[in-house]
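Me: I have a chain to look at and have not seen it before. Can you take me through it?

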Amino acid sequence: MLVLFIQSVVFLFSIVAAWYEGKGSAILDHPSEWRNSTPITQLMYGTVHESSNILQWDIFICEAKYQPPSP
């Protein structure tokens, strides 16, 4: 049971790392996408005017949306 738990944790960590390191961070370079792809940032702070205002959660969600992990 312990081995299964450890494998699951490693698998989930790998998925999160792959999503974060993928193209989701490219959202920072495309201001035209900020209005449609940053719902959490807009909910917390209002309209996004600078890439430094975008929350990490929005980057993660953008990556999960456009680059789902392959098994």
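Reply: One term to begin with: buried means under 20% relative accessible area, exposed means over 50%, and partly exposed lies in between (1.4 Å probe, protein chains only). With that, Asp58 is buried, at a relative accessible area of 1%.

Me: What kind of model is this?
Reply: This is a predicted model, where local features need pLDDT of at least 70, side-chain atom pairs count only at pLDDT 80 or more, and totals for chains, interfaces and linings use all residues. Residues are numbered from 1 along each chain as its sequence is written, and side-chain values use heavy atoms, with hydrogens and water left out.

Me: What is the mean pLDDT of the chain?
Reply: The mean is 82, and 83% of the residues reach 70 or more. pLDDT is the predictor's confidence in each residue, from 0 to 100.

Me: Where is confidence lowest, and where is it highest?
Reply: Confidence is lowest in α4, with a mean of 79, and highest in α3, with 91.

Me: How many helices and strands does the chain have?
Reply: Four helices and zero strands, in the order α-α-α-α from the N terminus on. Helices (H or I, at least four residues) and strands (E, at least two) are DSSP runs, numbered from the N terminus.

Me: Back to Asp58. Where is its place?
Reply: Asp58 is in helix α4.

Me: Which residues does Asp58 touch, not counting those up to four places away in sequence?
Reply: With that exclusion, Asp58 touches Ser37, Thr38, Pro39, Ile40 and Thr41. Contact means heavy atoms within 4.5 Å.

Me: What does the side chain of Asp58 reach?
Reply: The side chain of Asp58 reaches the backbone nitrogen of Ile40 at 3.1 Å. That is a polar contact, meaning a pair of N or O atoms within 3.5 Å; within protein, one must be able to donate a hydrogen and the other to accept it, and residues adjacent in sequence count only if both atoms are side-chain atoms.

Me: Thr38 was on that list. Is Thr38 buried or exposed?
Reply: Thr38 is buried, because its relative accessible area is 0%. Thr38 sits in the loop between α2 (34–37) and α3 (39–45). Leaving out residues up to four places away in sequence, Thr38 touches Val48, Ile54 and Asp58.

Me: New topic. Where is Leu55 found?
Reply: Leu55 is in the loop between α3 and α4 (56–66). At a relative accessible area of 21%, Leu55 is partly exposed. Leu55 touches Ile40, Thr41, Met44 and Tyr45, not counting residues up to four places away in sequence.

Me: Taking the whole chain, how much counts as buried?
Reply: Of the 71 residues, 21% count as buried.

Me: What share of contacts with a separation of 6 or more comes from residues 24 or more positions apart?
Reply: Those residues account for 44% of such contacts in the chain.
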